Structure formats: C-alpha cells, structure tokens
Amino acid sequence: MASSVKIFDSIIARFPQKFSLAFAYGSSVFPQGSKSDQKNMIDFIFCVDDPLAWHEANLQVNSKHYSMLKYAGPYFIKYIQEHFGAKMYFNSLVEVENRLIKYGLISTTHLIEDLLDWQTLYISGRLHKPVKVLKKVENTDMYQALLTNLQSALHASLLCLPENFTEEQLYHKIADLSYAGDFRMYFGEDKQKIKNIVKNQIPHFRNLYANQLKLMPQLHWNQSNSTIEQDGSSATTLHHLNLLPKTVQHNLLVKWNKDGRYRDLEEVLESLAHDPECSDMVKKAIQDITWWSSITQSVKGILTAGVMKSIKYSSRKVKKMLTSMKK
C-alpha cells in the first residue's frame, strides 16, 4: 500500500495544487477481483475552489491532456464543466508517471451541493463507496457535507431493505444507489461490478459506516455475525424519508402528485410511510437522478475526451463487460 500511495502522490504532484479534496478510486486502488491489475487505469477526482484558475494553470503544464476544447481556452472549458452533465470535467486515458489515468475536476461549491442534495449523484454516489483520500478536507462545510452524504446513503438504503439483512447486503445496496439507474450498467459496464466492489471491500465499507450504524437507535447491529435488524414501523420509515436528500424528496413529490391533485411534501411523505410500495418508489426516485446525469455526462465526455479517446475508452469498458458476462 505504501508504494501505491507513493505512486498516487507522484501523479497528483504533476498537477496544479490548491485542492480542497483529492482522491483516487477504482479497481487500481481497491482491487475488485482476486488480484490487482497494475495495467488498470487509475481514476482521480480533484476538487478546487476556483476551476477557472485551475484549468488555466493546468493548460500551461498539461495541455496535451485536453481535447480540441483546449483551443477555446479555460473560460470555455469551465463553462462546459459547469453547465452540462454532472458539473464535472474529465480528461481520460492520460499517461502520467508511466501509468494510464483519468481525472475529473469539480468545484468545491458544486461538490458540496451534490453531497447534500444529490442533484446528480455522480460524485456523491462515488463517495458512498471507499476511496483513497490524497488531500484531506480542511473545509468544515465540505467535511459536514461528506458526513451527511454517508448518512443519506444509509437512510435511502434502509428504506430499500427488509427488517433483517446482512451487513454485506447493506453495503451492496449502498453501492447500488448510484448505479441502479445508470444507463452504462445496461451496456458498457462489468456486470459483476457492484458484487466485486462490495465483496472485496467490506472492511473499508465498515470503516465508512460503522459510527453511523452505531448511532442509529432504529437498528440492532450484531457485529459478531454481521447481521442487522431494523425497525420496520411506519414511524421509522417516515424518519428515513424525512432525512432523504432534497432531490429524492422532490422526485417522490412529483410522482405522488401525478394524479393532478396537489399535496405538499409533508403530506406525501406521511402517506408514503404507510404505503407498501414505498421501497419501490424510493428506488425509482433515485434512479431518475442517476439515469439523466449518467447520460448527459457521457455525452459531454465525447467533447472533453475527444472522439478517438472516447471510442478507445468505451471499448475498454465493453471489453470488461463482455469478460464479466462469460464468468
């Protein structure tokens, strides 16, 4: 692990600094199979307060990382980043320190918004799962938003689980939140992706969620046999519904009022807490977020990566998908 950290540090040293958060993720960081493949691309997310200044500096030292959009300048790149897709800008299939990497940039403001409200679930969903933090958080607002994001993942997952389940089933549901509506999971992703993520990272998931699980009075977590029992009452269901992110609640409100009658959010959540289809409605409300953001961000990726890199990147994904289907 020490050598891996050294590689990560060497790579991010090649970029403009002033990160409010930087982390690595994916199978090169946390192996998703029986062994780590050093040929896998390393994925990074960089969060900065001023994306325009960062792109200006990065174009000076790493202009080859960008597609033809670099000729439009940093103002245009920032505009593309923040007005389309998930408010992120990715450079893919870039070679740094003899390793192939992909890195995405997001502003501190937009990251906090997504962590709190799940506007796109693109980055907040990634942070439901274990990541390797390379630049620790010093912004107190971001620290609180990161914590709230984990709590939201628990509330949403518990609404979608029965009264008795295993710890592994909980983590599987958490990992599934940001993938369930992602169109890439239907074509272009490893069909065993979620299973592999959870199976090989249970200790890391436990480190993320243990404190929150212990603080929930509606749960009994038997750590000796890794089982969990939750209160299935309508009062507890309403408690979880009230603590869902704003975008999920909005989607639930819209769906409930499709009959033309108007009920406010409080009334809808109270009714939903007694509805046997509550779990399915919550799942659909979350899927509606990930479906749209995954499509728009993928289309945007053709511009930011360029056509040739997009084809190459997609072919790597499809190859992994086909390989997983043979297992």
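**Reading the sheet and helix packing of a predicted model**

Modeller: Five strands make up an open sheet of mixed pairing, in the order β3-β4-β2-β1-β5. Strands of a sheet pair through backbone hydrogen bonds, either parallel or antiparallel. Here two strands pair if DSSP finds at least two bridges between them. Helices (H or I, at least four residues) and strands (E, at least two) are DSSP runs, numbered from the N terminus. This is a predicted model, in which local features need pLDDT of at least 70 and side-chain atom pairs count only at pLDDT 80 or more, while totals for chains, interfaces and linings use all residues. Residues are numbered from 1 along each chain as its sequence is written, and side-chain values use heavy atoms, with hydrogens and water left out.

Colleague: How many bridges join β1 to β2?

Modeller: Strands β1 (residues 19-25) and β2 (residues 42-48) run antiparallel and are joined by six bridges. In this pairing, F19 stands opposite V48 of β2.

Colleague: Which helix lies across β1, β2 and β4?

Modeller: That is helix α4 (residues 108-117), running at about 85° to β4 (99-107). Axes are lines fitted to C-alpha atoms, for helices over the stretch in contact, and angles run from 0 to 180 degrees between N-to-C directions. Contact means heavy atoms within 4.5 Å.

Colleague: At what angle do α6 and α9 pack?

Modeller: Two packed helices are described by the angle between their axes and the distance between the axes. For α6 (residues 140-159) and α9 (residues 202-215), the angle is about 70° and the axes are 10 Å apart. The two helices are therefore roughly perpendicular to each other, a term for angles of 65 to 115 degrees. In the contact, L147, L150, Q151, A153 and L154 of α6 meet L208, Y209, Q212 and L213 of α9. By class, these residues are seven nonpolar, two polar and no charged. Ala, Val, Leu, Ile, Met, Phe, Trp, Tyr, Cys and Pro count as nonpolar, Asp, Glu, Lys and Arg as charged, and the others, Gly among them, as polar.

Colleague: Where do α11 and α12 meet?

Modeller: Q249, L252, L253 and W256 in α11 touch L265, V268, L269, S271 and L272 in α12. The axes of α11 (residues 246-256) and α12 (residues 265-272) come within 10 Å and cross at roughly 80°.

Note on methods. Parallel < 35°, antiparallel > 145°, perpendicular 65-115°, else oblique.
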